[in-house]
Amino acid sequence: MSSALASLAVVLLVAPVLPGLIARTKAILTGRRGQPVLQLYSDLGRLLRKGAVYGTATTWMFALAPVVVLATVLCAALLLPLDGRAALIRFSGDAVAFAYVLALGRMALVLGAMDTGSSFEAMGASREATVASFAEPALFLALVVLAVLTQSLSLSGMLGSRLVPGVEGFRMAAAAPFALVAVTLFIVLLAETARVPVDDPATHLELTMIHEVMILDHSGPDLAFLLYAGAVKLALFGSILVGVVVPRASLAPWLALGLLVGGLVVVAVLIGVIESVTARLRLTRVPQLLVAAATLAALGVILVLR
Amino acid sequence: MTQISDFLLLAIVLVNFALLGATRLSTMIRAVAVQGGLLGLLPLVLHGGPSLHAVGLAVGTVAIKGVILPRFLTWAIREAALRREVEPRIGFVGSLLLGVVAMAVAFAVAARLPLPPELARPLLVPVALATVMVGFLILTTRAKAVTQVVGYLALENGIYLFGLTLTEQVPFLVEIGVLLDVFVGVFIMGIVVFHINRAFDSLDAEQLAQLKD
Amino acid sequence: MLLVALILAPALAALGAALPARRAGRLAWLLAGTALHAALLVATWVTGPAAAAGGWLAFDPLGGLVLSLVSVLTVGVATYTVGFVRPGDPRAGRAFESCLLAFLAAASLVAVSHHLGLLWVGIEATTLATAPLIYQRDDPHSLEAVWKYLVVCSVGIALALLGTFFLATAQVVGGVAGRPLVLDDLMRHGAGLHKAWVRAAFLFLAVGFGTKMGLAPLHTWLPDAHGEAPAPVSALLSGALLNCAFLGVLRAFQVANAAGEADFARPVLLGLGLLSLVVAAVFVVRQDNYKRLLAYSSVEHMGILALGSGMGGLAIYGSLLHMLGSSIAKAVLFLLAGNIVAAYGSKLVQDVQGVVRRLPVSGVLFLLAFLAITGSPPFVPFMSELAILTGAFRSGHAVLAVAMLALQAVVFIGMGSAFLGMSLGASPERGPPIRERAWQVAAPAVLMTVLLVLGLHIPAPLQRALAAAAGSLGGVGGGP
Amino acid sequence: MTLLFSGLFLIGLGALAAWLLEGRSRASGALFQVLAVAGCALGGGAAVRVLLGTPAVQIRYHAQVLGGDWVWGLDALSAAFALAVFVVGAAAAVFGVAYLAAETRHRRVGASHAFVGLLIVAMALVVTARAAIPFLIAWEAMALSAYFLVVFDDTQAGVRRAGLIYLVATHTGTLALLALFALWGGRSGSFEFDRMMAADLSGALPSVLFGLALVGFGVKAGFVPLHFWLPEAHPAAPTHVSALMSGLMIKTGVYGLLRVITMLPGAVAPWWGWTLLLLGLASGVLGVLWAMVQHDLKRLLAYHSIENIGIILMGVGLGTLGMAYGRPPLAVLGFSAAVLHSVNHALFKSLLFFGAGAVARATGTREIERLGGLARRMPVTWIAFLIGSAAIVGLPPLNGFVGEWLLYNGLFSSALSPAATPVRFAVWGAAGLALIGALALACFAKVGGVVFLGHPRSPHGREAREVGPGFLAPMIALAILCVVMGLFPYAAVGLAWPAGALVAGLSPGSAAQIGFHAILGLRALWLFTLAIPAVAVLLWVLRALLLRRRAVARGPTWACGYAATTPRMQYTGSSFVAPLVAAYRGVVGLEVRRAPGSFTTEPIDRVLEHVLLPAWRAVLDVSARVRTLQHGRLNLYLVYMLVTLLALLVWLYAAGTGAGIRP
């Protein structure tokens, strides 16, 4: 319990580092100095101190969106066994709750974008919904593999279970499925957190954006909420990935926490590398990528059901 | 007596062919009249000699089948100023050939029909069936209303003929058959003459094909 | 005595109705005659008189059911005719009432005669009595209809007579005791009858009476006659006349059954029945004349009756119940069709719209009757069809049952698209609702009520009669 | 039962009053509302009592017709569905009076109310009947009153067509049910469900019965490919009727399937389950895809009913698989998920239809592309509609989520079954369900965003004003129910669990242990569902604090440097779903019409337009050919007779060689 609380606090605290790390990695690889790693903290601080401007068309929906997005991300965090053992809230099928609460955030965000009455935001919203509709099945297939491997319906079981690589009682046969799941989850992560090759947060042409264009009109604390929520979401998916690859149930709490943070850093760097070596996919190709990811997971399901 | 009855029956067969071959309405009507008369004579010679019942039957039959109805028909033709020709759909040769076939079938079937000897006049049943079939043949191949009446009369002559096998064992049966004639006389003719003629200025059943889907 | 009275009363009334020159007088005779007949019938049910005229006349549940149906419908039609104005000149309907009564007499003869020859006479008499009813002066079409009705049916009748002769021969050749052609003796000594002759006899009777009953492909006269006759006559033809012929077929089946030839007879009924259903389905869809449509629906239901009686067991009970249900519903539909023709002056579906608005009472009744005839609960036809289906499945006729359902679905689409289109929508000339006279809607309303009540509750006596009648046909009555 | 029937009596009384007092008294509508709500309250009370554990009861009436006694009973399964019927029924009755109050063209408003009452009573009787005859009577009464409600606007040809399609469909289904009960009752010797259950059904018979039930009830439930009537009829009907049909009536089909499965406990075969699961998956995905491309708000909602029926059917399939493979926990999970989602869908689908009706009344159009910006003008409607949308997408903390969560639990745990039990493959359903959920989200984001947010796209939206209390009260009530059932999963699951256990053939005692697993998590789930609004509220407060004494300005929306946006520049619904349509081009069935200067898309129903209508035309062609046989030529008619006679004589000779013929 205490360890869970502690790790939750840590994750929420270090989350804003990750975008900085990604940016820095890209900068280094492309031979630039780039922004400081802790840039996001100062951004958040400044934004929180600012006032806000609202489009004339907007209603309370627009203002509500950031709040709901952040709230859902935070609630999703409650379901993850960040300390590698057990989540603060766990129940049979909480994996479903995890995905669906994030979906609630997505709905709010999309509606908020539509609320501006501008075709750019709406365009982003439509793309967000489209991408998500391909990402969700992949995510669930991955969860199925984990559920079967760990004989558990709860994230706490799937990620905190002892039946993961490197632990006694682990069946080598499960290595392949785990690998597949890891790849799938990573692609899903890229999609969910609006990263290259699915989306490019750094582009400066609205027509090509997905996530960024949706939050185009937000300002002040609202924008801060959204940015922070994005960072935490990245951290959450990252920690799922870490939980799959590095089993920490048997380790001492502080060690588990350390491993988690380390893992998150690795993930961030990895993302940075990918963003700098690959180009962004054409929007029509994005579904293919996600379908491919789903196929990998499906392969995993076949392996474990066999 | 048997020879007489057989003679009569053969005559009826010939009349059948006459009906099929007739080219004029009046001929057909005369033929059917003759057939009625022949039928009327049969009860007298069947079942060993004339009984009172047989005589009564004979008189009634000759009267209705041989005299009244044919008269009525001829009168109808005159009344309605009909064209006198018969136009069979399958030609006279075809009709006659079919008649022969019918005859053969009739004999074949009758041969297989189990009848106790006391009933089984060798010719009676086959001739009856043949007449029925010829009647049907005329009904289905002749277009005019009057010719259809004639065909119908032939049909029921055949039935009547079959009924004659049972006059002894089953009373009133043939008398019932005679009812058919009254029926035909009163109704079909009445309509033919008085109404169809008025409504369609011809008794050609071809024109009676307005109602369809 | 009662049996004779059943026949004589309407016959005499028919003579009486021929006398008065004014319509009111004829109507009085008509109503009195039908009422008297109904009363006599009730008395007959109560007393259950013994056979009369040397066993030629007798009253059994089967005949009783048919006659009761005929009586009910005739009373209904009689009351309807009061409010029914015949098209054409007023002198046209001189013989109308007499013929109705004559038909009633003939039907009574059919129902109570246990001598097959007499039965044949009766059925022929129904033809004679109804022919003038179909004909309307100055209407060539009705004349053509009568002509075809007469020729086709009388050829059929002739074949039926031949069949009757065959049956007598079967008796003679079989050398069995008993009065010739008397139903009870035929059945008592059925085993002795000569098989081959019985079979031939059944075939000819089935074809002969089947023609009158309107089984495909012998039905060709039916749509013309039903379509052209004035509404009350169509109602009577489809509701009563066809069932008299059906009774004839059933009598033949009784004999065949008693002779142990049921297995030979059943396929004949099943084949004709199924064919009738197919034909009805084909001709109902896209039918643009709603009276002809109703006529084909009659073909359909006659087919169902044949199917039911051919399946045996519970299905026979079902088909007897269906005889009552479908006939009443069909009569109601024809009567209401008469109101619609009167209001819109057309028999074509596309000329009629918004009946529910234009003729509020008739419209609603029309919809209800449509639902009833298509077997919607809780009306009688639903119950009877359920019984027939149950019997079908139990006697291993699953395929036929499925075919029957499929064809009924097609018929439903055809009837539905026509009748619902007529009932709903706006009336073309936006005319205000027409006030319908009580005479026009009383009979249909009452008959629909009967249909509904019998669907929910079959009185014990009726149930007993149905069960007994089904039993006399080798079927079973009662529950599934 | 007395409680239930007195409730039904009141509703009937209300219907009668509405019918008779129509036009005579202004209060007839109000009277109907009061009586209907009171009756629904009584009936709902009866259902709740059973759900709270009062032993199931039965009453019987000895009917003098074929097929034995008429029996009605109220067990957990009936109660769950009856409860939905009464809740939504009451709401619809209230809404309907307000909705039709504006109807001036028709003088048959009272009749319409009467039919609504009849429909509610009939549905209640359908789910409580325990014998074939009363069941079929209630079934038909339901179908027909629905028909007459659909054709309320019968002066429009389109409405008549929709009505006909619906009537044909439902009648065909009824015929299948007729066959079902005839076959079954004939075998068991009685039409009482209990006796039918006791009948010994051997061999393929149970599967045949199931097949018939699948068709008969499937048409009513409206899953693909038997859905074709649904998108026609539901939009054509007045809104509250659409709500009753989409929310409740199609559920009677689900109920029927569940009841039949309950009555065939021993005989459940695996292929039933797989069929149901696949059909469910297909309807779910296709339903939502087809919904996405609709331009008509009510048509869109109708297609979503197909989608949700698919989800429900997946539950039924899973439960059936659980039974077939002897895994009671799966069975209970699947069935109770199906029941719960049925109830949930009844709530939010009728809520959404009410919203659509309110919009239609306020703006005079149901064309999504012509609306927009209604959130400002109709705030209450918008909130209610938003809650409904979130619920139907299955988002926490709303009731839709609880049902889908239960189903996910079942699907996942099917994979946890011991190796080499085929039931594990049911887990693929989870991915399908995820896809359905994500697509539904896209679709309702489109609806909410285009209809209520942004700028009005046409005059329709601009002078719209919020609808009256008669409209709002039912919407608010239903919205509250959606939220409450979402925030208190215990109540929601407790509602459906006994029913699931009943269908799975478990005694209540053992039901408590089975799926314990899922029950156990409920408290944590409850905590979670409470956490979401709590955190949101906290953040909202935080945001308010931050923005206090800060400059909060209003300015034009940032249009990326272009001139200020005009309503015509807004994204339309079609453009919103364009990427998805492009991705699923093959199946969505969108007819694109390109003309110089114009580009329109016309959604068409694949099954109806490409399969059924052509088939019907083929039938018509055949009949047109055969019709020539009735050509009016008397001679040939006589030939028919001759041919028949000869054919029969041939039959005579064929059969003549049989025994018993003396030479």
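**Chain D and its contacts in a four-chain model**

In strand β3(D), Gly555(D) is the bridge partner of Gly55(A). The model is predicted: local features need pLDDT of at least 70, side-chain atom pairs count only at pLDDT 80 or more, and totals for chains, interfaces and linings use all residues. Residues are numbered from 1 along each chain as its sequence is written, while chains are lettered from A and ligands numbered from 1 in the order in which they are written.

Strand β1(A) runs parallel to β3(D), residues 552–555 of chain D, and 4 bridges join them. Strands (E, at least two residues) and helices (H or I, at least four) are DSSP runs, numbered from the N terminus. Two strands pair if DSSP finds at least two bridges between them.

A contact means that the C-beta atoms of two residues, placed from the backbone, lie within 7 Å. Chain A brings 66 residues to this contact, and chain D brings 70. On the side of chain A, at least two residues each come from β1 (52–55), α4 (60–79), α5 (94–115), α6 (119–150) and α12 (286–305). Helix α6(A) gives the most, with 18 residues. By class, the side of chain A that touches chain D holds 43 nonpolar, 16 polar and 7 charged residues. Here Ala, Val, Leu, Ile, Met, Phe, Trp, Tyr, Cys and Pro count as nonpolar, Asp, Glu, Lys and Arg as charged, and the others, Gly among them, as polar.

Chain B also meets chain D. In this contact, 14 residues of chain B face 12 residues of chain D. The side of chain B that touches chain D has 8 nonpolar, 3 polar and 3 charged residues. Chain A does not touch chain B, and their nearest C-alpha atoms are 56 Å apart. Nor does any contact join chain A and chain C, whose closest C-alpha atoms lie 41 Å apart. For the complex, the predictor gives an ipTM of 0.93 and a pTM of 0.94.

Chain D contains 26 helices and 5 strands. Its radius of gyration is 27 Å, close to the 26 Å that the globule rule gives for 663 residues, so chain D is as compact as a globular protein of that length. The radius is taken over C-alpha atoms, and the rule is 2.2 Å times the number of residues to the power 0.38. The C-alpha trace of chain D spans about 120 × 65 × 60 Å along its principal axes. Of its 663 residues, 62% are buried. A residue is buried if 20 or more other C-beta atoms, placed from the backbone, lie within 10 Å of its own, exposed if 12 or fewer, and partly exposed in between. Among contacts in chain D between residues at least 6 apart in sequence, 79% join residues at least 24 apart.

Two domains are assigned in chain D: domain 1 (154–534) and domain 2 (606–656). Their bounds come from an automatic or database domain assignment. The C-alpha centres of the two domains of chain D lie 44 Å apart.

Leu177(D) is found in helix α6(D), residues 157–188. With 23 C-beta neighbours inside 10 Å, Leu177(D) counts as buried. Leaving aside neighbours within four places in sequence, Leu177(D) is in contact with Leu136(D), Trp139(D) and Gly216(D). The C-alpha atoms of Leu177(D) and Ala213(D) are separated by 6.4 Å, although these residues are 36 apart along the chain.

β4(D) pairs with β5(D), residues 598–603, in the antiparallel sense over 6 bridges. Within this pairing, Glu591(D) stands opposite Glu602(D). The hairpin of β4(D) and β5(D) has 2 residues between the strands, and in this hairpin Gly597(D) takes a positive phi near 85 degrees.

Chain D averages a pLDDT (the predictor's confidence in each residue, from 0 to 100) of 90, and 95% of its residues score at least 70. Over residues 657–663 of chain D, pLDDT is below 50; beyond near neighbours in sequence, this stretch has 8 contacts in the model. Where pLDDT is low, the predicted coordinates should not be read in detail.

Chain C comprises 19 helices and 0 strands. Its radius of gyration is 21 Å, close to the 23 Å that the globule rule gives for 480 residues, so chain C is as compact as a globular protein of that length. The C-alpha atoms of chain C fill a box of roughly 70 × 55 × 40 Å along the principal axes. Of its 480 residues, 70% count as buried.
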